[in-house]
Amino acid sequence: MASAAAWNGRMHVVGGYGNLRVDRNYHHVYDAAKNAWSEAAPLPRGASHIGVAAANGMLYAIGGFVEQNRLPHDDAFVFDINKGEWRAIAPLPRARAAACVIALNGKIHVIAGAGGRDIRKSIDWHEVYDPAADKWEMRAPLPDARDHASAEDRKSTRLNSSHTDISRMPSSA
């Protein structure tokens, strides 16, 4: 599964499966004004089910699965959209994949997802990355564990999963 985030009229699609279902470090960019795709600098680590969000000219790629969806990892990266370069940021406190990732009030929220190696399970974790400090902090967990959730930043942020609409996040979070 590839993931996408938009910034300045362009959609960045990262990671996912490729030939023979190998976790890939793909990074493709769709320019809506030109109706055209281009390749951008590849992710530093190939993975699927990566959480992505864009904020302030940066694209964040958080966690994901390696080893054909068997192992979640804790790597986190940021892509400077203007420079076209990736760099590593502080790793997640706990490895996960298939998480909901959204930029909110200058920070990157990573909510829920899937964790575990031998027995994968949905999780309720909520961790927040502060780009200015390059640090993570724990926040109140989601009321119910789930994975493959998504988020969209609008006037009020609403999380959705493929199964259920879930709670509204307060704008002060």
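How many aromatic pairs does the count come to? The count comes to four, and two of them get a close-up below, in what is a predicted model.

View 1. Across its 173 residues, 43% of them buried, the protein has 17 strands and zero helices. Take the contacts between residues at least 6 apart in sequence: 41% of these join residues at least 24 apart. The accessible surface comes to about 9,200 Å², and carbon and sulfur atoms account for 49% of that.

View 2. One place to look is Val 14, whose bridge partner in β3 is His 27.

View 3. Is β6 (residues 58-62) largely enclosed or left open? Four of its five residues are buried, so the rest of the structure largely encloses this strand. β6 pairs with β5 (residues 51-55) over five bridges, in the antiparallel sense, and here Val 52 has Ala 61 as its bridge partner in β6. β5 and β6 make a hairpin with two residues between them. In that turn, check out Asn 56, which has a positive phi of about 50°. β6 also pairs with β9 (residues 76-80), again antiparallel and over five bridges; look for Tyr 60 with its bridge partner Val 78 in β9. In a regular strand, side chains alternate between the two faces of the sheet.

**View 4. The largest nonpolar core, with 16 residues.** Nonpolar side chains in soluble globular proteins tend to be buried together. Which residues have the most contacts inside this core? They are Tyr 60, Ile 62, Ile 89, Val 101, Val 110, Tyr 129 and Trp 136. At least two core residues come from each of β5, β6, β9, β11 (100-104) and β12 (107-115). Elsewhere there's a second, separate core of 13 residues, including Ala 47, Ala 61, Phe 77 and Phe 79.

**View 5. Trp 136 and the residues it touches.** Leaving out residues up to four places away in sequence, Trp 136 touches, among others, Ile 62, Ala 76, Ala 90, Ile 108, Val 110 and Tyr 129. The contacts of Trp 136 also include Pro 91, Leu 92 and Pro 93, along with Glu 127 and Val 128. Trp 136 belongs to one aromatic cluster with Tyr 60 and Tyr 129.

**View 6. Two tilted aromatic pairs.** A pair of aromatic rings is described by the distance of the centres and the angle of the planes. Tyr 30 and Trp 37 form a tilted pair, at 5.1 Å centre to centre and with 50° between the planes. Is Trp 37 buried or exposed? With a relative accessibility of 52%, Trp 37 counts as exposed. Tyr 129 and Trp 136 also make a tilted pair, at 5.1 Å between centres and 50° between planes. Both Tyr 129 and Trp 136 are buried.

Key
Residues numbered from 1 in each chain as written. Predicted model: local features only at pLDDT ≥ 70, side-chain atom pairs only at ≥ 80, totals over all residues. Heavy atoms only, no water. Buried < 20%, exposed > 50% of the residue type's maximum accessible area, 1.4 Å probe, protein only. Contact = heavy atoms within 4.5 Å. Areas by Shrake-Rupley, 256 points an atom, 1.4 Å probe, with all protein chains shown as cover. Pairing = 2+ DSSP bridges. Core = buried A, V, L, I, M, F, W, Y, C linked by side-chain atoms within 4.5 Å. Phe/Tyr/Trp six-rings, centres within 6.5 Å; stacked < 30°, edge-to-face > 60°.
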